[in-house]
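Here are some notes to read alongside the model, written for someone meeting it for the first time. Please keep the 3D view open as you go.

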Amino acid sequence: MVDRIQWHKGSDRVTDSVLIEGLAVETVIGVYDWERDITQRLLVDLDMAWDNAAPAATDDVAQALDYAAVSERVVSYLDELRPQLLETAAEGLAACLQEEFGVRWLALTIRKPGAVPQARSVGVRIERGQRS
Ligand SMILES: Nc1nc2c(c(=O)[nH]1)N=C([C@H](O)[C@@H](O)CO)CN2
């Protein structure tokens with residue numbers, strides 16, 4: 001345990017996260033013509049590396065990765081993008097969040113629950129960036 005603490009303190013590796021789970025976004029998405037005329041619901045999960053010690057010490061949201069602000073940006077980004085593929089949505093959204101919020105590493109899952117009736121949901125998951 002002592003070794004583990006010393007290793008962590010001597011490293012720039014961020015092991016903390018800020019999480020968003022099951023964020024529902026209604027947008028135009030899909031490959032087929034009929035999908036361009038309707039909106040469909042996507043569910044977004046995010047695991048974003050962030051050092052939570054600083055905001056914890058100051059109790060200041062300005063030092064935190066504000067999950068409310070990130071959630072708003074996810075909704076507006078997907079609403080504007082209107083892509084065909086989930087892959088396009090995931091790649092663009094990851095780049096947007098890394099650039100605008102300074103997130104070093106993130107894992108992003110986008111699910112499209114209505115796409116395959118026999119499945120509870122289908123989707124894609126990507127990881128981008130590095131924790132150190
Ligand atoms: N890997 C993917 N496969 C498919 C996608 C997608 O975004 N990524 N999209 C479709 C259609 O839009 C589908 O959702 C219509 O039901 C098919 N395959």
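1. A term to begin with: two residues are in contact if their C-beta atoms, placed from the backbone, lie within 7 Å. With that in hand, look at Ala89: leaving aside neighbours within four places in sequence, Ala89 is in contact with Ile29, Leu78, Leu81, Pro83 and Ile110.

2. Before going on, please note that this is a predicted model, in which local features need pLDDT of at least 70, side-chain atom pairs count only at pLDDT 80 or more, and totals for chains, interfaces and linings use all residues. Residues are numbered from 1 along each chain as its sequence is written.

3. Now the overall layout. From the N terminus on, their order is α-β-β-α-α-α-β-β. The C-alpha trace spans about 55 × 30 × 20 Å along its principal axes.

4. The strands form an open sheet with the order 1-2-3-4 and antiparallel pairing (two strands pair if DSSP finds at least two bridges between them). Strand 1 (17-27) and strand 4 (122-129) are the edge strands, each pairing on one side only. Strand 2 and strand 3 are joined by six bridges, and Met48 has Leu106 in strand 3 as its bridge partner.

5. Which residues touch the most other members of the largest nonpolar core? They are Met48, Ala89, Ala90, Leu93, Leu106, Leu108 and Ile110, out of 22 residues in that core. Such a core is a set of buried Ala, Val, Leu, Ile, Met, Phe, Trp, Tyr and Cys residues joined through C-beta atoms within 7 Å. Helix 4 gives the largest share, six residues.

6. Beyond four places in sequence, Leu86 is in contact with Ile110, Lys112, Gly123 and Val124.

7. Leu86 also belongs to the ligand's surroundings, together with Gly30, Val31, Tyr32, Glu35, Leu85, Glu87, Lys112 and Ala115 (each with its C-beta atom, placed from the backbone, within 6 Å of the ligand).

Key:
A residue is buried if 20 or more other C-beta atoms lie within 10 Å of its own, exposed if 12 or fewer, and partly exposed in between; C-beta atoms are placed from the backbone. Helices (H or I, at least four residues) and strands (E, at least two) are DSSP runs, numbered from the N terminus.
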